[in-house]
Amino acid sequence: MLTTLHKQLLNDYQHDFPLSARPYRDIADALGVTEAEVLSAFTELNDNNFISRIGPVIPPNHIGVSALLAMSVPEQQLQTVADKISAYPEVNHNYEREHRLNLWFVVIAADAEHLRAVIEAIELDTSYPAMLLPMLDDFFIDLGFKLELNHD
Amino acid sequence: MLDETDRKIIQATQAGLPLTPEPYQTIAEQLGLTADNVMMRLTAMQNSGIIRRIGAVPNHYKLGYRFNGMTVWNIPDEVIDELGQKVGQLEFVSHCYHRPRHLPEWPYNLFAMVHSKSQEGVDEQIQRIADLLSSYNQGCDVLYSSKILKKTGFRTST
C-alpha cells in the first residue's frame, strides 16, 4: 500500500534528487517530514521493487556504445537461444516479443569494435542472424514519467 | 570528456545511491575521494548532459503499468526529426528513438515505448501518436513483450 509520502517521492523525485551532503534530509525538509521517514519510505519502495534504484540516469551512447538487435527464432528454440544471449555480460535487456522477430536485446560495449565483436560472437553462438538497430537519434526529453497513483 | 574518476563514480552509482543519511560520502569512501568531489563531478556530468537526471527510477510494471508496447512507425526521413520530437514529448512515451530501416522486412524508423494500466489505454495512446503523425504515418506496428528474459547489467535509459 502506497502512502502519500511514497507517492510524493515517486512522482517528485524522478529528477532533481539533491546533490548535497544530506539529500534525504533536504527532501524531508521540503516535504515537512523527518529524514528517517524519507529514508524508510525510500527503503520500502526499493525493497518492494516499486523503484529499481535512486541514482543517475545516463542516456544511451554517452558511455560506451549500444545497439538494439532483433532476431527471429523458432518458438521451440527460443529459450535456449535467449539463455545463450543473456549470458553475455554486454547484454543488458533481452525481451521476447510477439512478432516474427521475437527476440529483442540491447548490447552495450566499450567501443564500436567491441560492440561488433560481441554481435558477431552472438550470431556464431546462436546460428541466427541479428538485425542491427542502433540509435540514430534520441527524441526523448527525460523529465521522468508522470505516474497516476491515485487508485493504488 | 569523462575521466577515469568520473567513470568510477558512474559505475559505483549504477546499482543505486546508498540509503544512508550521507550517500555521497559512502560512495566517496568506496572510491577514496571526498564527498564534495563526488557531488562536484556528478553536477558537472549533469550539466554536460552525460547524466540525464538523478532520481528515483520507478518500476512501471510493479506500479500497475502492466501494458507496455513498443510502437514502431514508418516516417519519411525528411520529417523524422520534427515528428520524433513531438512524439518524444507525449507524457506516456518513455523512450523515443530514430533507428535504421531494414528493407524489405523492416520498414520502421521511429520507435516509441508506451505504458498504460490497460490494453484500452495502450490502444488510445497508439491512436494519439497516429493522430499526431497524421498522413506522415506510412505504416506502423506494435510489439508487446511476452517475457522479460533479462533486465540487468549496466543501466542506461535504453
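# Briefing on a predicted two-chain model

Ser134(B) is exposed, with 8 other C-beta atoms within 10 Å, where exposed stands for 12 or fewer such atoms, buried for 20 or more, and partly exposed for the range in between, with the C-beta atoms placed from the backbone. The model is predicted, and for that reason local features are given only at pLDDT of at least 70 and side-chain atom pairs only at pLDDT 80 or more, while totals for chains, interfaces and linings use all residues. Residues are numbered from 1 along each chain as its sequence is written, and chains are lettered from A, with ligands numbered from 1, in the order in which they are written.

**Loop residues with particular backbone geometry**

- Ser134(B) sits in the loop between α5 (119–133) and β5 of chain B, and its phi is positive, at about 50 degrees, although Ser134(B) is not a glycine; the helices named here and below are DSSP runs of H or I with at least four residues, the strands are runs of E with at least two, and both are numbered from the N terminus.
- In chain A, Ser127(A) lies in the loop between α5 (112–126) and β5 (131–133), and this non-glycine residue has a positive phi of about 65 degrees.
- Ser127(A) counts as exposed, because 9 other C-beta atoms lie within 10 Å.
- The peptide bond that joins Leu103(B) and Pro104(B) is cis, with omega at about 5 degrees, and Pro104(B) belongs to the loop between β3 and β4 (110–116) of chain B.

**Contact between the chains**

- Between the two chains, 62 residues of chain B are in contact with 64 residues of chain A, where contact requires the C-beta atoms of two residues, placed from the backbone, to lie within 7 Å.
- On the side of chain B that touches chain A, the elements that give two or more residues are α1 (4–13), α2 (23–31), α3 (35–47), β1, α4 (80–88), β3 (93–98) and β5 (140–151) of chain B.
- β5(B) provides the largest share of that side, with nine residues.
- By class, the side of chain B that touches chain A has 29 nonpolar, 23 polar and ten charged residues; Ala, Val, Leu, Ile, Met, Phe, Trp, Tyr, Cys and Pro count as nonpolar, Asp, Glu, Lys and Arg as charged, and the others, Gly among them, as polar.
- Strand β1 (residues 51–57) of chain A runs antiparallel to β1(B), and six bridges join these strands, pairing being assigned if DSSP finds at least two bridges.
- Within this pairing, Arg53(A) stands opposite Val57(B).
- Strand β1 (residues 53–58) of chain B has five of its six residues buried, so the rest of the structure largely encloses it.

**Helix packing within each chain**

- In chain B, the axes of α2(B) and α3(B) come within 8 Å and cross at roughly 105 degrees; such axes are lines fitted to C-alpha atoms, for helices over the stretch in contact, and angles run from 0 to 180 degrees between N-to-C directions.
- α2(B) and α3(B) are therefore roughly perpendicular to each other, a class that covers 65 to 115 degrees, whereas angles under 35 count as roughly parallel, those over 145 as roughly antiparallel and the rest as oblique.
- Tyr24(B), Gln25(B), Ile27(B) and Ala28(B) of α2(B) meet Ala35(B), Asn37(B), Val38(B) and Met39(B) of α3(B), and the residues of this contact divide into six nonpolar, two polar and no charged.
- In chain A, helix α2 (residues 23–31) packs against helix α3 (residues 35–47) at an angle of about 110 degrees, with the axes 8 Å apart, and α2(A) and α3(A) are therefore roughly perpendicular to each other.
- Tyr24(A), Arg25(A), Ile27(A) and Ala28(A) of α2(A) make this contact with Glu35(A), Glu37(A), Val38(A) and Leu39(A) of α3(A), and its classes are five nonpolar, no polar and three charged residues.

- Glu96(A) lies in strand β3 (residues 91–97) of chain A, a mostly covered strand in which five of seven residues are buried.
- Glu96(A) itself counts as partly exposed, because it has 19 C-beta neighbours inside 10 Å.
- β3(A) runs antiparallel to strand β4 (residues 103–109) of chain A, joined by five bridges, and β3(A) and β4(A) form a hairpin with five residues between them.

**Domains**

- Chain A is assigned domain 1 (4–47) and domain 2 (65–133), the bounds coming from an automatic or database domain assignment, and 38 Å separate the centres of these domains, taken over C-alpha atoms.
- Chain B is divided into domain 1 (4–47) and domain 2 (67–144), whose C-alpha centres lie 36 Å apart.
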